Amino acid sequence: MAATLFSSTARVALRSGASATSKAGAAGLTFARGKATLPDLSYDYGALEPSISGKIMELHHKNHHNTYVTNYNNAVVQLEEAQHQGNIAAQIALKPAINFNGGGHLNHSLFWENLAPKNAGGGEPPSGALSKAIDTTYGGLGEFQSKMNAALAGIQGSGWAWLVKDKQTGQISIRTYANQDPVVGQFEPLLGIDAWEHAYYLQYQNRKAEYFSAIWDIINWKAVEKRFS
Amino acid sequence: MASQTHTLPPLPYGYDALEPIISKQIMELHHQKHHQTYVNNLNAALTAQVTATQSNDVPSLIALQQKIRFNGGGHINHSLFWKNLTPPGTPGNDIAGAPTLREAIVSRWGSHEAFVKAFGAELLGLQGSGWGWLVSKGGAKGRLEITTTKDQDPVNGPDVPVFGVDMWEHAYYLQYLNNKAGYVEGIWKIINWAEAEKRYNAGVENPLKL
C-alpha cells in the first residue's frame, strides 16, 4: 500500500486515459499514469441476480466505488503537495482520508473479483489447499459460512468481514474491519464481503441476514484460491 | 422485570408526515424494524446483565458492555431523533420559535447560514455509519459545538444533544441512494427548532426513562 502511494509520482497526471490502464497484481488495482482508476467489472451489473440486483451493482460500482477512487486520488495529490513542502502535520492529517478512500478502493476492487455469476463458477465450492484449510480450521465449508455470516451480522455499523491468511503462520481466520479499513499488515485478504448498508439495502432493507446467506451463491472461490496460493 | 423492559416509543407524527424529505417507506422501516431491533437487543443485553451480575460473572459482564453501548445508544439516538424532527411547514420547523438557540448559533458561527454549512460539512465528512449532532457543551445553555458520533455512540455525559441527524445509510438510502448531500440539505425542512430550543434551555431528561 505504502509503496504504491509513494511511487505514484505523476502528481500532475493527465486525465486518466484507458490506453494507459494496466492491471496490477493480486490486489487487482488499476492505475492510469499514477492515478487510481475504477476497474471494470468482469461481468454485467445484472449478472449477479438474484443474489445482488443490477441496480445495487450499478450504484455500488459506478457511484460508491468511483467516489472512493476520486477521493483517494485527491488525497494523494494533497499528500504529495504536503511532502513536497515538507509539511509533516499536513501529511499526518491526510491519513484518515487515505485510509478511508484508499481502503474503499482496495476493498471494492477485491470484492468484485471475489464474486462471479453462477454461470461463471459463482458458488462452486473451493477445492485443493484452500478447501483443506477450511475443513481443518472450521470443520467444513458450511461451518465456515455460518461463522462468516455470524461475523457479518455482528458488525456494529459499516464494515467488512474477511477470510484472511496470517502471513506469519499461514493460518486462515475470519476478521471484521470497521468502515473501509483495509486488510493490511499481518494479514492477507482472501475473501471479503461488504456489510455496508449500501451493499444490500435496496434489495434486502433491514433483512441483512438474507443478503449474507444469498451471497454464497455468487462467491468466486477460484479467485479466493488464487489469493490463498 | 417485565415492567422494566424498554419499548419502542411511538412517533409523534405519521410515517408519511415527513414527506417529501423522508419517505414513508424509510420511516416505517427505520422505526418499526431498525429502532425496534435496538430495543429488543438492549432488553436482551440487560437481562443477560442481570443474570451475569447475580452469578458474579465478571467476564460476561465485560463482554456485555459493548452490546449495551451499541443497542442502548441506538435506542437513545433514535428516540431523540424522532422528537427533533417535525413535519415540514409545521410551527416547530420555524427557527423563530427558538430565539435563545438562534442567538447562540449566530454568536458562535456568525450567521445561521454559516452554521448550516458547517453542520453539513461535518455530516458529509463522516466515514462510515454514525450521527451528526449539535451539542451544548457541559449542560444546558452551554457553548455550542457540532460533533459526530460513530455507529450508535450517544452524546455523552453532561453534553446536551440539541438535535441529531442519523447518517446511517438506512436513514436515507431508499430515497437518496448515494446522494447523501441531498438528504443533509433536506433535513433542515424538518428540524424541530421548538424541541431544540427546549433542549438547549433545559437539557434533556433521560430519554429512556422507564
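**View 1. The contacts of A:H60 in a predicted model.** Leaving out residues up to four places away in sequence, A:H60 touches A:H65, A:H198 and A:A199; two residues are in contact if their C-beta atoms, placed from the backbone, lie within 7 Å. A:H60 sits in helix α2 (residues 54-84) of chain A, where helices are DSSP runs (H or I, at least four residues) and strands are runs of E (at least two), numbered from the N terminus. Is A:H60 buried or exposed? A:H60 is buried because 23 other C-beta atoms lie within 10 Å; the cut-offs are 20 or more for buried, 12 or fewer for exposed, and partly exposed in between.

This is a predicted model, where local features need pLDDT of at least 70 and side-chain atom pairs count only at pLDDT 80 or more, while totals for chains, interfaces and linings use all residues. Residues are numbered from 1 along each chain as its sequence is written, with chains lettered from A and ligands numbered from 1 in the order in which they are written.

**View 2. A:H198 and its contacts.** Now look at the loop between β6 (187-194) and α7 (201-204) of chain A, which holds A:H198. With 19 other C-beta atoms within 10 Å, A:H198 is partly exposed. Beyond neighbours within four places in sequence, A:H198 is in contact with A:H60, A:H64, B:E169, B:Y173 and B:N178.

**View 3. The annotated binding site.** The unreviewed UniProt entry annotates A:H60, A:H108, A:D194 and A:H198 as "binding site". These residues spread over 139 residues of sequence, yet they cluster in space, with a largest C-alpha distance of 12.4 Å. UniProt positions follow the numbering used here, feature names are shortened, and annotations may be inferred rather than shown by experiment.
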